[in-house]
Amino acid sequence: MNQQEFIKLISPFKDKLFRMAKRLLVSTEEAEDATQEVLVKLWKNNEVLSKYNSVEAFAMTMTKNYCLDQLKSKRASNLQIVHNNYSDGTASVQKQLEDRDSWNWVEKIMQDLPEQQRLILQLREVEEYEFSEIAKIMDMNETAVRVALSRARKIIREQLVKKHNYGIQFNG
């Protein structure tokens with residue numbers, strides 16, 4: 001595989017690799033480094049990439065593993081999840097503020113999720129991967145992925161309801 005073929009192969013998903021690395025490592029610089037490391041490893045092994053059913057899933061798995069290794073080596077226990085792509089250009093300023101506040105709460109809740117649930121939520125809801133792809137990336141079966149995603153969503157939903165109902169008393 002020559003350089004042009006390699007670039008054509010990885011171009012459709014290289015931004016996803018960066019977003020996953022950014023989600024896990026928080027720091028833009030570290031995410032860029034992680035993405036570059038994974039791309040270098042892929043290039044070094046470019047002759048065997050054709051053997052994979054999904055090079056994208058393979059690259060996502062490599063990125064996840066690389067980032068987790070980085071986090072373990074630094075003993076970083078407090079992961080932050082930052083997602084800046086959320087906006088609604090047509091909404092009122094008040095609605096935008098409310099949406100941003102809600103998204104900030106979701107991010108805070110996601111920080112407290114177990115690592116596996118947080119990653120599955122990222123892959124499904126942000127990156128829009130199919131369950132079968134997530135199962136390959138996470139080395140789990142699809143049922144376990146669905147259960148973990150369901151539990152993560154339930155926790156977020158319960159915490160948001162709690163937050164929005166704070167201070168509201170029901171008289172019944």
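In what order do the elements of the protein chain run from the N terminus on? They run α-α-α-α-α-α-α-α. The count is 8 helices and 0 strands. Helices here are DSSP runs of H or I with at least four residues, strands are runs of E with at least two, and both are numbered from the N terminus.

Before I go on, a word on the source. This is a predicted model, in which local features need pLDDT of at least 70 and side-chain atom pairs count only at pLDDT 80 or more, while totals for chains, interfaces and linings use all residues. Residues are numbered from 1 along each chain as its sequence is written, and side-chain values use heavy atoms, with hydrogens and water left out.

Now the chain as a whole. It has 172 residues, and 37% of them are buried. Buried means under 20% relative accessible area, exposed means over 50%, and partly exposed lies in between, with a 1.4 Å probe and protein chains only. The accessible surface of the protein chain is about 11,100 Å², and carbon and sulfur atoms account for 47% of that. Those areas come from the Shrake-Rupley method with a 1.4 Å probe; for residues, only the protein chains shown count as cover.

Next, contacts, meaning heavy atoms within 4.5 Å. Take the contacts between residues at least 6 apart in sequence: 67% of these join residues at least 24 apart.

How many salt bridges does a search of the whole structure find? It finds 5. A salt bridge is a side-chain nitrogen of Lys or Arg within 4 Å of a carboxyl oxygen of Asp or Glu. I will go through some of them.

One is between K16 and E56, at 3.2 Å from N to O. K16 sits in helix 2, residues 14–25, and E56 in helix 4, residues 55–74, so the pair links parts of the chain 40 residues apart.

Helix 2 also holds R19, which pairs with E127 in the loop between helix 6 (115–126) and helix 7 (131–138), 108 residues away. E127 counts as buried, because its value is 4%.

Another salt bridge joins R153 to E125, with the closest N and O atoms 2.2 Å apart. R153 belongs to helix 8, residues 142–164, and E125 to helix 6, 28 residues apart. R153 is partly exposed at 35% relative accessibility, and E125 is partly exposed at 40%.
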